[in-house]
Amino acid sequence: MNGRFGRRRFLAAGLAGAATGLAGCGQLRGSSDAADQPLIDDQLPDSVRLRRVAGGFDAPVALAPVPGTDRQYLADQSGSISVLDADGVRDDPLLDLGDAVEFGGEKGLLGVALHPNFEQNRRLFVRYSAPSRDGTPERYSHTFVLAEFLVGEDGFRASADTERTLLEIPEPQSNHNAGALAFGPDGYLYVAVGDGGAGADAGTGHVDDWYDAVEGGNGQDVTENLLGSLLRIDVDGDDERGTYAIPEDNPLTDGDGLAEQYAWGFRNPWRFSFDGDSLLVADVGQSEFEEVNLVERGGNYGWNVREGSQCFRAEDCPTATPESVRGGEPLVDPVVEYAHGGNPVNGVAVVGGYVYRGSALPDLEGRYVFADLRPDGRLFVAEPSGTEERWPMGTIEMDADGGAPDQIYSLGRGRDGVLFVLGIEGGDGRVYRVVPAG
């Protein structure tokens with residue numbers, strides 16, 4: 001068998017890649033200059049409890065609540081989507097992509113989203129890494145695939161035979177694959193795409209950009225490929241290929257770039273989430289700084305001119321593109337930033353999270369709860385400031401059933417704003433529900 005039930009042999013390689021690849025490249029020098037971290041003044045809970053919901057996964061990376069039910073669909077990086085309900089995880093997966101998915105390191109099944117009208121049309125969207133397909137250059141690593149499947153009326157099974165490929169992107173390296181999917185309040189599908197991998201946004205598959213101080217720059221180029229960007233597409237419309245349409249108000253529809261792009265200047269935008277109309281994108285840093293961006297249409301978030309708000313491999317760097325490059329667009333600073341060697345919030349690779357809108361933890365209401373790949377027993381919290389200035393941060397200790405996770409891969413949000421933590425403890429991929437301590 002494949003998926004969660006038969007691919008455990010890949011576990012060690014997959015987790016080792018996640019630990020080093022997501023955490024960036026090069027020596028972790030750390031710096032406390034990272035823009036001094038403002039701290040939350042109001043009281044935060046000292047701790048929260050992680051109540052184990054399910055286990056036995058390889059690397060759980062994404063969770064999607066099923067509307068009108070108490071079920072969740074859980075994507076395991078090794079290639080299967082499972083059904084979680086009040087009784088735990090069902091034995092039979094919703095979807096097992098088997099050998100269609102290339103799993104290992106940062107490759108695999110990386111994102112899942114349900115159509116806003118899922119109860120009527122049963123459309124399921126997934127993002128996965130596939131072996132190189134036609135059109136992928138010979139020296140490249142693999143192919144990015146965005147695909148659609150149909151779920152049966154009972155909600156417990158989707159056939160791989162219903163797959164319809166929407167988008168393929170050649171991936172030059174094995175890492176920086178991002179992979180999150182989500183429908184926005186506008187009904188369009190947003191897709192996170194990393195910069196193509198390796199390090200510094202340079203090397204094979206990384207094009208030249210306008211900034212000469214650092215080699216390469218898919219993140220700063222919007223014409224040659226879709227790498228280093230957040231995409232926005234209309235899955236209910238058709239382009240000439242009959243797969244999707246471009247929203248008319250996407251920023252590059254006038255021909256100045258590839259029209260799928262909504263925002264750019266990202267390194268590895270691993271997870272993102274909406275809170276009403278606000279879009280928060282967690283972008284994994286290279287060796288010193290981690291960041292979360294409040295993303296707007298047409299925004300440029302700086303990579304590889306900047307890592308976070310700091311100049312990357314340069315003493316001084318511009319705050320905007322040249323006037324000849326899209327009219328001198330500003331490089332937007334993150335609203336959340338922490339250094340690998342910072343204090344009190346530090347880590348190695350930002351995972352991202354959600355603005356809390358549940359009822360179980362009133363002290364977290366309206367605050368952005370997120371995590372780092374190496375949690376050190378903590379969840380992180382940021383207080384939206386109401387401006388684009390840096391958001392104050394704090395930490396909360398985790399007390400978990402069977403031990404707190406060694407690594408956190410993702411957070412999930414269920415019905416009524418319930419938060420979930422997806423991670424691994426002692427080699428076991430687990431899903432936890434966040435509840436009050438005690």
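1. Burial. In this predicted model, 62% of the 438 residues of the protein count as buried. The accessible surface comes to about 16,200 Å². Carbon and sulfur atoms account for 43% of that surface.

2. Overall build. The protein holds two helices and 27 strands. Its C-alpha atoms fill a box of roughly 60 × 55 × 40 Å along the principal axes. The radius of gyration is 20 Å, which agrees with the value near 22 Å that a compact globule of 438 residues would have.

3. Contacts along the chain. Take the contacts between residues at least 6 apart in sequence. Of these, 62% join residues at least 24 apart.

4. Charges. The protein carries 35 positive and 73 negative charges.

5. Strand E27. Look next at its partners. Strand E1, residues 47–57, runs antiparallel to E27 and is joined to it by seven bridges. Strand E26, residues 419–425, also pairs with E27 in the antiparallel sense, over six bridges.

6. Val-431 and its partners. Which residue of E27 stands opposite Ala-54? It is Val-431. Leu-422 has Val-431 as its bridge partner in E27 as well.

7. The E26–E27 turn. These two strands form a hairpin, with two residues between them. Gly-426 sits in the turn and has a positive phi of about 60°.

8. Most residues other than glycine have a negative phi, and most peptide bonds are trans.

9. Trp-303 to Asn-304. The peptide bond between these residues is cis, with omega near 5°. Asn-304 lies in the loop between strand E17 (289–294) and strand E18 (306–307).

10. Asp-376. This residue is not a glycine, yet its phi is positive, at about 50°. Where does Asp-376 lie? It is in the loop between strand E22 (368–372) and strand E23 (378–382). Asp-376 is partly exposed, because its relative accessible area of 48% falls between the cut-offs of 20% and 50%.

11. Asp-416. Here too phi is positive in a residue other than glycine, with a value near 60°. Asp-416 is in the loop between strand E25 (407–413) and E26. Is Asp-416 buried or exposed? Its relative accessible area is 67%, and exposed means over 50%, so Asp-416 counts as exposed.

12. Leu-150. This leucine belongs to strand E9, residues 142–150. Leu-150 counts as partly exposed, because its relative accessibility is 41%. Which residues does Leu-150 touch, once neighbours within four places in sequence are left aside? They are Asn-121, Arg-122, Arg-123, Ala-158, Ser-159 and Thr-162. Gly-308 is another matter. Leu-150 and Gly-308 are 158 residues apart in sequence, and their C-alpha atoms are 39 Å apart in space.

Methods: Residues are numbered from 1 along each chain as its sequence is written. This is a predicted model: local features need pLDDT of at least 70, side-chain atom pairs count only at pLDDT 80 or more; totals for chains, interfaces and linings use all residues. Side-chain values use heavy atoms; hydrogens and water are left out. Helices (H or I, at least four residues) and strands (E, at least two) are DSSP runs, numbered from the N terminus. The radius of gyration is taken over C-alpha atoms; the globule rule is 2.2 Å times the number of residues to the power 0.38. Buried means under 20% relative accessible area, exposed over 50%, partly exposed in between (1.4 Å probe, protein chains only). Contact means heavy atoms within 4.5 Å. Accessible areas come from the Shrake-Rupley method with a 1.4 Å probe; for residues, only the protein chains shown count as cover. Lys and Arg count as positive and Asp and Glu as negative; His and the chain ends are not counted. The place of a charge is taken as NZ of Lys, CZ of Arg, CG of Asp or CD of Glu. Two strands pair if DSSP finds at least two bridges between them.
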